[in-house]
Each structure stands twice: as C-alpha cells, then as structure tokens.
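Please look through the sequence and model below. The report that follows covers the fold, its cores, its strand pairing and a few selected residues.

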Amino acid sequence: MKTLRKRALTVAVTALVAGVMSAPAHAYVMASSVVEMTNFQIKDSAGAVLDYATDFTSLTFTSSADQSAALTGYATLDNNSTNAPIDFAPICLGAACNPILPNNSFPHLAAPPASGNYVAADQQEFGAPIANLPGFGLGATVASGSYVGLDTGLEVAGSANSNNNLNSSFIFATNNSQALTFTFDVDAYLQVAVSAFPSETFPAFATASYQMDFSIRNLSTNKVVWTYAPDLFNNGVKTLSLNAPLPQAVESIEQTGVVVSFASGLTPVLNAGTLYQLSARIQTNADAARVPEPAVLSLLGLGLGLLGLGAARRSRKA
C-alpha cells in the first residue's frame with residue numbers, strides 16, 4: 001500500500017507538471033531596431049567637403065563600439081572594439097537566429113517571429129566624413145541592427161535583449177574660422193509586435209528604440225557649442241513599446257521607407273586654430289520578455305512541494 005501511495009503521488013505530480021508544461025501557447029513578442037547611416041560628410045558653409053590635407057592644422061580620430069545579446073538559458077554574447085573601422089560579425093543566440101541575420105544585411109523583420117526564441121545583433125562602420133583621410137574612403141557608413149523574438153512555444157517565461165552602441169570622436173582644429181554642416185542618408189526601422197492571449201494576466205512586452213546624436217565641444221572652454229539629434233521619422237518617435245494581454249495581435253512599425261537625406265544646418269562659427277571635439281553616437285536597442293502567470297507559478301510550486309514532501313517522508317523512514 002505504501003508503495004502504491006508513493007507511485008500515486010509521483011504520478012499525480014508528474015501529471016500536474018505535465019499539465020502546466022502542456023498549457024496553451026503564450027503570446028509571441030518581438031522587437032527590432034535598425035539604423036543605417038550612409039554617405040556621412042562634413043562640409044564647410046559653401047557646401048565643400050572638408051579635406052584632411054588642406055583644411056586642418058590638427059586632427060585625430062577614435063572610435064569605439066560594443067554590442068551584446070542576452071537570452072534566458074544561454075550565456076550572454078558580446079563584442080567590443082576600439083580599432084576603426086569596426087565591422088562586427090553578427091552575434092546570435094537561439095534556434096531561429098542564424099537564418100535571419102546574414103552578416104551586414106540589417107533586415108527589416110515583421111511579425112510573427114521565426115519559430116524558436118532568438119536574439120541577434122550586427123554592426124558595421126567604414127569610410128570617413130572628410131576627404132583624403134589616409135586609409136579611409138570619403139563618405140562614412142555606420143549601420144546597427146538589434147533583434148529579439150520569443151515565439152508561442154510552451155515555455156512560460158523568457159526574456160531577450162540586444163543592444164549596439166557606437167561612439168566616434170574627432171578632435172580637430174581648422175585652418176580657417178568657419179561654420180560646418182553635416183549631411184548623410186538614413187534608412188531606419190523600428191518594429192514591435194505582440195500577439196493576444198486573453199488568459200494571460202501578466203503581460204508580455206516588446207520595446208525597440210534608437211538614438212543618434214552629434215555634439216561639438218570647445219576644448220579650450222570645455223563647453224558644448226553645438227548639438228544635433230536628427231528626427232529620423234519626422235514625428236519625434238524614438239521608442240516603440242507594446243504590452244500584452246491585448247484583445248488582438250498588434251504590430252507597430254516606424255520606418256523611413258526609403259533612404260532619407262538629412263542636413264544638420266550650420267554650426268556656429270568655429271575659430272581657426274582652436275581645438276574642438278566632435279562626438280557622434282548611434283545606438284539601437286531591442287528588448288522583449290514574457291513572464292509566467294500567477295496560476296502557473298502556483299501550480300509549479302505545488303508540484304515541487306509535493307515532490308519535496310514525498311522525498312522528506314522517504315528520508316525520515318530511511
């Protein structure tokens with residue numbers, strides 16, 4: 001009889017846990033953020049591209065970048081570098097990652113996510129915004145993509161996040177006092193998606209964001225004399241976010257749709273011979289998570305408690 005009770009307890013707990021694990025699929029969530037800036041050039045007030053050989057008395061350039069990808073159940077991946085030009089290979093976690101992200105492809109993904117949970121990131125930098133910089137062609141390109149997706153599988157919890165961050169710095173002094181302007185082209189894409197499951201009382205969420213900004217600091221006074229943060233979608237949106245449960249599946253997208261040209265407008269006049277620091281930053285982030293429902297947590301706790309109780313009884317009898 002005691003053996004039968006032990007077996008019955010084990011079968012009951014196994015059935016309980018199996019019932020939890022075979023619960024209906026949960027909401028899928030996904031997010032992606034892509035910014036591709038091409039043909040970045042720095043020009044004088046007459047519209048001529050600055051020339052390394054003729055326009056500067058001093059110029060040094062540094063660049064640093066990092067990217068990371070994290071997914072529940074996997075070791076975090078990351079890359080970092082301070083050696084320009086920077087071209088990271090994609091970092092990918094999860095069963096569905098590799099097919100979606102060939103190197104330097106920066107795709108615009110759409111819902112639903114690929115089957116299987118994934119997180120991915122890619123980044124590329126090459127070229128220079130001024131002419132005749134040794135080792136660099138004219139026209140800088142910086143591309144950054146961050147992607148996450150949690151599908152409707154049976155797992156009740158999960159989270160993923162991806163980020164790319166690039167910082168470039170020019171310290172320079174020009175031959176002549178002059179104002180400058182920045183021109184570049186951009187293809188940008190923000191996307192978040194969440195499917196609806198009314199039975200979920202704890203939300204899943206997806207968030208995608210970008211940041212792009214430029215600044216010039218006068219190094220003799222240590223004061224910022226100019227800043228510029230382009231509005232890539234011409235509507236002030238830099239972050240998209242969705243939460244579930246929702247009455248229906250929702251996908252939200254902001255995109256330039258085509259390559260869009262930007263011009264910063266003129267900076268203040270920069271004094272000849274004075275050292276200035278130009279800083280440029282581009283960042284993309286994607287984040288998504290799905291949390292377990294209270295009822296599922298309670299059932300799992302009950303199942304583990306029953307197993308523990310059975311083990312304790314056996315230990316005492318032993």
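## Overall fold

The protein chain carries two helices and 14 strands. This is a predicted model. Of its 318 residues, 46% count as buried.

The accessible surface of the chain comes to about 14,500 Å². Carbon and sulfur atoms account for 56% of that area.

## Nonpolar cores

In soluble globular proteins, nonpolar side chains tend to be buried together. Here the largest nonpolar core has 60 residues. Met-37, Phe-172, Phe-182, Phe-184, Met-212 and Phe-214 touch the most other members. Strand 8 (residues 180-194) supplies the largest share of this core, with eight residues. A second, separate core holds 16 residues, including Tyr-28, Cys-92, Cys-97 and Ala-143.

What does Phe-184 contact, beyond its neighbours within four places in sequence? Its partners include Met-37, Thr-38, Asn-39 and Phe-40. Met-212, Phe-214, Tyr-228 and Pro-230 are also among them.

Strand 5 (residues 118-126) is mostly covered, with eight of its nine residues buried. Strand 5 pairs with strand 4 (residues 87-94) in the antiparallel sense, over six bridges. In this pairing, Asp-87 stands opposite Gln-124 of strand 5.

Strand 5 also runs antiparallel to strand 6 (residues 140-150), joined by nine bridges. Gly-145 in strand 6 is the bridge partner of Asp-122.

## A buried loop threonine

Thr-267 sits in the loop between strand 13 (260-263) and strand 14. Is this residue buried or exposed? Thr-267 is buried, because its relative accessible area is 6%, under the 20% limit.

Not counting residues up to four places away in sequence, Thr-267 touches Ala-179, Leu-180, Phe-182, Ile-216 and Trp-226. One of these, Phe-182, is also among the residues that touch the most other members of the largest core.

## The salt bridge

The structure holds one salt bridge. The side chains of Arg-281 and Asp-213 form this salt bridge, at 3.4 Å from N to O. Arg-281 lies in strand 14 (residues 276-290) and Asp-213 in strand 9 (residues 204-218), so the pair ties together parts that are 68 residues apart in sequence. Arg-281 has 28% relative accessibility and therefore counts as partly exposed.

Definitions and conventions. Residues numbered from 1 in each chain as written. Predicted model: local features only at pLDDT ≥ 70, side-chain atom pairs only at ≥ 80, totals over all residues. Heavy atoms only, no water. Helix = DSSP H or I, 4+ residues; strand = E, 2+ residues; numbered from the N terminus. Buried < 20%, exposed > 50% of the residue type's maximum accessible area, 1.4 Å probe, protein only. Areas by Shrake-Rupley, 256 points an atom, 1.4 Å probe, with all protein chains shown as cover. Salt bridge = Lys/Arg side-chain N within 4 Å of Asp/Glu carboxyl O. Core = buried A, V, L, I, M, F, W, Y, C linked by side-chain atoms within 4.5 Å. Contact = heavy atoms within 4.5 Å. Pairing = 2+ DSSP bridges.
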